[in-house]
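Have a look at the chain below, then work through each task and check your steps against the solution.

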Amino acid sequence: KICLCVLLLISSSGAQNYDDYDDGGGYGNQEYAQDNLYHDYAMKQQDKEVGAPAGFGWGKIMIGTGVGWFLGGKFHSNRKEKKLNEKFKQDQKELYTQYYNDVYSLQQQNAELVNALEQMGVKLR
């Protein structure tokens, strides 16, 4: 029985037919001869190793840095300008208030002096 099983296995494995692949099969096929995908990949890898310039170079980095620096400066200077304008307006308001109070107190003091001189009998005008 064992010999019969071994004989059947050997005969069935040797009877495979490869007529479907009569065109040379696999890598010898003409359809794959024009495919340069691996060749292109290998060339790119070799260029990287040699040190060929990458797609994203220093020029783009420097331009991006310059634009970011300019826009950041514009943003922060506008913020600072608003704060300084508020401070300037507050200082101007305090100065005007102080001026107004000083002028008012001087007018009162002048009026009191005029009254005191008139009581003493001196005519100014």
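Helices (H or I, at least four residues) and strands (E, at least two) are DSSP runs, numbered from the N terminus. This is a predicted model, in which local features need pLDDT of at least 70 and side-chain atom pairs count only at pLDDT 80 or more, while totals for chains, interfaces and linings use all residues. Residues are numbered from 1 along each chain as its sequence is written, and side-chain values use heavy atoms, with hydrogens and water left out.

**Exercise 1.** Work out in which helix confidence is lowest and in which it is highest.

Solution. The mean for the chain is 80, and 73% of its residues reach 70 or more. Helix H1 (residues 2-14) is lowest, at a mean of 69, and H3 is highest, at 93. Where pLDDT is low, the predicted coordinates should not be read in detail.

**Exercise 2.** Describe the aromatic pair that a search of the whole structure finds.

Solution. Rings of Phe, Tyr and Trp (its six-membered ring) pair if their centres lie within 6.5 Å; planes under 30 degrees apart count as stacked, over 60 as edge-to-face and the rest as tilted. Tyr38 and Tyr41 are 6.4 Å apart, centre to centre, with 45° between the planes, a tilted pair. Both lie in helix H2 (residues 37-50), three residues apart, about one turn of the helix.

**Exercise 3.** Is Tyr38 buried or exposed?

Solution. Buried means under 20% relative accessible area, exposed over 50%, partly exposed in between (1.4 Å probe, protein chains only). Tyr38 counts as exposed because its relative accessibility is 65%. Tyr41, at 48%, is partly exposed. Across the chain, buried residues make up 2% of the 125 residues.

Conventions: pLDDT is the predictor's confidence in each residue, from 0 to 100.
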